[in-house]
Amino acid sequence: MVDDLKENLSEIHAQWVTVRGRIRQKIGDAQFASWIKMLTLEDYEDRKVTLSVPSNFIRTRIIEQYLDIIKSYWLVQNLKINDIQIIVSKTNKRRSLVNKETSNLKEQKPNDVFKSISSDLDNRFSFANFIVGKPNELAFAAARRVAESKDVPFNPLFLYGGVGLGKTHLMHAIAHEIKKRNPLRRVIYMSAEKFMYHFIKALRFKNTVAFKEQFRNVDVLMIDDVQFISGKDSTQEEFFHTFNALIDQNKQLIISADKSPQDLEGIEERMRSRLGWGLVADIHPLTYELRLGILQAKEEKLSSRISSNILEFLAHKITTNVRELEGALNRLSAFSSLVGREINLDMVQDLLKDLLKSSQKKVNIEEIQKKVSQHFNVKMSDMSSARRSRTIARPRQVAMYLSKNLTSRSLPEIGRRFGNRDHTTVIHAVRKVEELRDKDVSFDEDVQLLIRMLES
Ligand code: ADP
Ligand code: MG
């Protein structure tokens, strides 16, 4: 009996470790350290998990923001869990009965489960607010096409790309547009996690028929971040069936993930291939031009003005994703209205210290020249020589292109560093390389590889 209990607890502990790992992957190290890390596993009894935190504030915040995720991940690990409660414990050890919060799955009636199955849509995530450039133009065009068609142009539409590059934005935009055009069409948008959560609840209440019915009546189903479905067999199975059934009925499916179907891990082969049947559109890392375009568009909507040289500075420095760009802009704008004057560059450096540091890996022209000449097997001195044969000129153009995109050097300055060439030569090189990247896949891969090497 005691042994049973011990084993149980250690299992629960192992599950908790896994759950924490998944959540960390999802929300990132910073959020994880501020919130989830505060949780301590206290107890498991009567199918009820008790976690504790050091303060009420943290508890409230975790319940609001993370309890659903914790539950869904934990249910995936262990269907027996009935309830997760979070208590406040100053030592994180002593159990407190006063601050007990129960979020009881048991009390929910099975039918409530389906009431609000589609998640809320963010009104700001519209097509009008989406700035289009090379890296996202295919995804954008495909999204528009799906939203504007009366029938199903490709099924599924599979959108993929790194974090914060606009996948969720595009999905919401599709939903808004479809509803605007025909309010009667039933659109369900939800995260893969939510799908999982509802499905597992349905399993528990032996209500999977009703669960499936929900989807049968839908016209458009969007599942965001399907990488989180991977690995869990029964959910994957169910997802696959739902997915196939809907496609067979010619209902539009839109899926997003952080990787292409081929690269998704932990996904069954038949699922992987089926996901790639329709149109697969990726969003590439943003170019400087697009970053600047997004900043300019967002700046216009702010109450305080941010000068264009600051926007350019941000577009150079913050290269990771749009979410960080937005965050930086909002912080500057808030500060500017607080102090009632325009922001200057010094203030920016200071205000955004943390953000700038994370994307600081500064590349310089010399490093670029070195890596490029190694890669193409030419002499470093040829980067500035007068030789113009293609085998030399092409790598040189690539190096100029990279200097323009990866450093904040001006065109004339770049020209000078490449054997005193004119800035128009640099412009020509940049255009040429862009053109080649579009036309020639293996050339494009070369350039991508160089970028990755230089930036890491
Ligand atoms: P993802 O789902 O790919 O992680 P999101 O769609 O949540 O990224 O985008 C993160 C933030 O960046 C959102 O606020 C979104 O509005 C904004 N965003 C992303 N791409 C663009 C774009 N091309 N134009 C305008 N805003 C964008
Ligand atoms: Mg998203």
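Because the model is predicted, local features are considered only at pLDDT of at least 70 and side-chain atom pairs only at pLDDT 80 or more, while totals for chains, interfaces and linings use all residues. Residues are numbered from 1 along each chain as its sequence is written, chains are lettered from A and ligands numbered from 1 in the order in which they are written, and side-chain values rest on heavy atoms, with hydrogens and water left out.

We begin with the ligand. Around ligand 1 there are 18 residues, of which Ile131, Gly164, Thr168, His169 and Glu326 come nearest, where a residue is near if one of its heavy atoms lies within 4 Å. This shell divides into 7 nonpolar, 7 polar and 4 charged residues; Ala, Val, Leu, Ile, Met, Phe, Trp, Tyr, Cys and Pro count as nonpolar, Asp, Glu, Lys and Arg as charged, and the others, Gly among them, as polar. A backbone N or O atom of Ile131 lies 2.8 Å from a nitrogen atom of ligand 1, and a polar side-chain atom of Lys298 lies 3.0 Å from a nitrogen atom of the ligand, whereas a polar side-chain atom of Lys167 lies 2.8 Å from an oxygen atom of ligand 1. On its own, ligand 1 has 560 Å² of accessible area (Shrake-Rupley method, 1.4 Å probe), and the protein covers 93% of that area. Helix H5 (167-181), helix H10 (288-300) and helix H12 (322-339) are the elements that give two or more residues to the shell, helices being DSSP runs of H or I with at least four residues and strands runs of E with at least two, numbered from the N terminus.

Strand E5 (residues 187-191) runs parallel to E6 and is joined to it by 5 bridges, with Met190 having Ile223 as its bridge partner. Strand E7 (residues 252-257) also runs parallel to E6, through 4 bridges, and there Gln252 stands opposite Val220.

Elsewhere, 3 strands form an open sheet with mixed pairing, in the order E1-E2-E3, two strands being paired if DSSP finds at least two bridges between them. Strand E1 (40-45) and strand E3 (83-88) stand at the edges with a single partner strand each, so one side of each is left without a neighbour in the sheet. E1 and strand E2 (residues 48-53) run antiparallel and are joined by 5 bridges, Leu41 having Leu51 as its bridge partner in E2.

Note on methods:
Polar contact = N/O pair within 3.5 Å; in protein donor to acceptor, adjacent residues only side chain to side chain.
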